[in-house]
Amino acid sequence: MFENIEHIKENYLDLEKKMIDPDVLADISKLTKITREYNSLKPIVEKYDEIKDSESTIAENKELIGEADDQDMVEMLKDEIKENEKLLEKYKEEMKILLIPKDPNDSRDVIVEIRPGAGGDEAGLFAGDLYRMYHMYADKEGYKTEDVEVSSQGVGGIKEATFMIRGEGAYSRFKYESGVHRVQRVPETESGGRIHTSTATVAVLPEVDEVDVELDPNDIRTDVFRSSGNGGQSVNTTDSAVRLTHIPTGIVVSMQDEKSQIKNKEKAMKILLARIYELEEEKRNKEIADNRKSQVGTGDRSERIRTYNFPQGRITDHRINKTIYQLDDFLNGNIGEMIDSLIAEDQTRKLEKIGEEE
């Protein structure tokens, strides 16, 4: 299992040297990519060093036992060998997890898009619940959130919400939230007490840089217009709103959240890059469809991933058949247990796949 780790360590040490190279330090894009790769290899190298230390201690103690005359010393050395053998098994199991092929996007910040699905006003209210839930969870975990564009509907829900979540490993946790979320409850507007089923769609996109996407500036059409508020009334006397259209794919991103045209364009470009990157990722994933079977869910926006049942106070994730009976707590941002379970199941399936290939 560890035959290639020496090569990984050599690569790690080479990256360490590059990070202090003046030419690399002068190129932010190059430094960012090198640092990202270095950080991804660091846990593997550190665990490998722990394994080698334990192996070395066991070997040295076995030699010392052969030379020792003192029985107490022999017993102490044997105890130390047993302790290191247990540690060695533990480290090797941890290394197996670390060697699972990583999603290259796991360390990235994310862009989350939430939209109501089927269910009219109730779907908008549910979309608002999800928006609040993710903000509360991000806050509990120490991530920073930044709303990009949030449009509300009259009854208190949202028509659409786009926001960023920043922090180390944000994508590695939030990526499992992509898909269709279903709610079953009695709407406030329902006088007969009937349970309605509504949906909301969540898309979690890794935030990417221009260096990560092959983008020809000539393929982007930029239009500017005046920002407008609810009902279409003008809220800005200058053409600060920006619409970017990627001609080859037809992807359109409009942004009017900021008063500055420059800031709106920067935000719109981030969203556009993320959507183009997602499109390219989907194409790549179709080419390696067999690998997708080893993952928990596909991240497809059309996949129904979870049901929030209010009458029974439960949340059920259909990908791993896990149910939690703490709905209010869950909607208040305490979703870590579910995400941890999804990560564990994903790792188990990937380990099983590696075992089959061996």
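Let's start with R108, which is buried at 7% relative accessibility, where buried means under 20% relative accessible area, exposed over 50% and partly exposed in between, with a 1.4 Å probe and protein chains only. R108 sits in the loop between α4 and β1. Helices here are DSSP runs of H or I with at least four residues, strands are runs of E with at least two, and both are numbered from the N terminus. Beyond its neighbours within four places in sequence, R108 is in contact with R36, G167, A170, Y171, P206, E207, V208, D209, D212 and Y277; contact means heavy atoms within 4.5 Å.

A quick word on what we're looking at. This is a predicted model, with local features needing pLDDT of at least 70 and side-chain atom pairs counting only at pLDDT 80 or more, while totals for chains, interfaces and linings use all residues. Residues are numbered from 1 along each chain as its sequence is written, and side-chain values use heavy atoms, with hydrogens and water left out.

Now the overall picture. The chain has 10 helices and 11 strands, and 39% of its 358 residues count as buried. Take the contacts between residues at least 6 apart in sequence: 61% of them join residues at least 24 apart.

Which residues have the most contacts inside the largest nonpolar core? They are I114, L130, Y134, I165, F174 and Y308, in a core of 36 residues. By nonpolar core I mean a set of buried Ala, Val, Leu, Ile, Met, Phe, Trp, Tyr and Cys residues joined through side-chain atoms within 4.5 Å. Elements giving two or more residues to this core include β1 (110-116), β3 (158-166) and α10 (336-357). Helix α5 gives the most, with 8 residues. There is also a second, separate core of 21 residues, with V242, A268, I271 and Y277 among them. You'll remember Y277 from the contacts of R108.

Let's zoom in on I165. Setting aside neighbours within four places in sequence, I165 is in contact with D109, V110, V112, A138, Y143, K144, T145, A170 and F174. H135 is buried, at 18% relative accessible area.

Over in strand β2 (residues 144-152) we find S151. Is S151 buried, exposed or partly exposed? Its relative accessible area is 28%, so S151 is partly exposed. Not counting residues up to four places away, S151 touches I158, K159 and E160.

On to a helix pair. The axes of α3 (residues 28-67) and α4 (residues 71-98) come within 9 Å and cross at roughly 155°. Axes are lines fitted to C-alpha atoms, for helices over the stretch in contact, and angles run from 0 to 180 degrees between N-to-C directions. The two helices are therefore roughly antiparallel, the word for angles over 145 degrees. By class, their contact has 15 nonpolar, 4 polar and 9 charged residues.

One last stop: N321, in the loop between β10 (314-317) and β11 (322-324). Most residues other than glycine have a negative phi. N321 is not a glycine, yet its phi is positive, about 55°. N321 counts as exposed, at 68% relative accessibility.

Notes:
Angles under 35 degrees count as roughly parallel, over 145 as roughly antiparallel, 65 to 115 as roughly perpendicular and the rest as oblique. Ala, Val, Leu, Ile, Met, Phe, Trp, Tyr, Cys and Pro count as nonpolar, Asp, Glu, Lys and Arg as charged, and the others, Gly among them, as polar.
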